[in-house]
Amino acid sequence: MPTHTLPDNDAPAIQVGDLLFRFSPSAAPVLDVPAWRVARGERVFLQGDSGSGKSTLLGLLAGLLVRTRGAVSILGTDLGLLSVRQRDAFRARHIGVVFQQFNLIPYLSVLDNVLLAAQFGSAGAASARSRAIELLHQMNLESALHTRPARQLSMGQQQRVAIVRSLINMPALLLVDEPTSALDHSNRDAFLKLLLEALEATGSAMVFVSHDPTIGSYFDQHVAIAELNRVGVPA
């Protein structure tokens, strides 16, 4: 299956059906999701307590984990039907992921961290560099920081670099895992406003995972993982 183009431009960003996931054949199910759909361009806040399956669901949507049963379709492509290499290529071109740990390369500069991710996209080097600089400024990362090694940045600055890196290839879907857990309320709100402003330019759909219910008002849709996941629900 080709992974360099979107298989179906009319398909939703996310379509999940009869999804079951367990970490091993003998383990108890972690997720059991009958159905879930996220439209193109929609921003969803996925909330739940620690251990409720939020990050596992995000891993399945990113193609980092593979369903035990059912279908996880992203932009019309069932990730479970792709090889590991195909999933990696599909994710690089169409999905942006922001992890809790940011996963920046500490000795590379801010700009080089972003441009490393751009190598997996379709834009030329000059175009990618121009877009990277534009996004960095949009996330309030001034020019003086662009050549600074990532290890010299504050936690909030690293977080914003991770967002820029996830957006550099203009993904149709952005997956964000607990990015505000280490921020106070003022910095959290400022970060969310910056993130949503950046998404306005890309039109990306987003699933934003957090245990903090107070930020749900920023999003189009607020979904509790307990509403999706039948694991642990009394019969």
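Leu 174 stands opposite Met 206 in strand β8, where strands (E, at least two residues) and helices (H or I, at least four) are DSSP runs numbered from the N terminus. The model is predicted, so local features need pLDDT of at least 70 and side-chain atom pairs count only at pLDDT 80 or more, while totals for chains, interfaces and linings use all residues. Residues are numbered from 1 along each chain as its sequence is written, and side-chain values use heavy atoms, with hydrogens and water left out.

Strand β7 (residues 173-177) runs parallel to β8 and is joined to it by five bridges; two strands pair if DSSP finds at least two bridges between them. Strand β3 (residues 43-47) is also parallel to β8, again with five bridges. In this pairing Arg 43 stands opposite Met 206.

Strand β8 spans residues 205-210, and six of its six residues are buried, so the strand is largely enclosed by the rest of the structure. Buried means under 20% relative accessible area, exposed means over 50%, and partly exposed lies in between (1.4 Å probe, protein chains only). Ala 205, Val 207 and Val 209 point one way from β8, and Met 206, Phe 208 and Ser 210 point the other way; all are buried.

Ala 162 counts as buried because its relative accessibility is 0%. Leaving aside residues up to four places away in sequence, Ala 162 touches Val 98, Phe 102 and Leu 104, a contact being heavy atoms within 4.5 Å. Gly 96 is 66 residues from Ala 162 in sequence, and their C-alpha atoms are 9.9 Å apart.

The protein as a whole has seven helices and nine strands. Its radius of gyration is 18 Å, close to the 18 Å that the globule rule gives for 235 residues, so the protein is as compact as a globular protein of that length. The radius is taken over C-alpha atoms, and the rule is 2.2 Å times the number of residues to the power 0.38. Along the principal axes, the C-alpha atoms fill a box of roughly 60 × 40 × 30 Å.

Of the 235 residues, 50% count as buried. Among contacts between residues at least 6 apart in sequence, 74% join residues at least 24 apart. The protein exposes about 10900 Å², of which carbon and sulfur atoms supply 52%, with areas from the Shrake-Rupley method and a 1.4 Å probe; for residues, only the protein chains shown count as cover.
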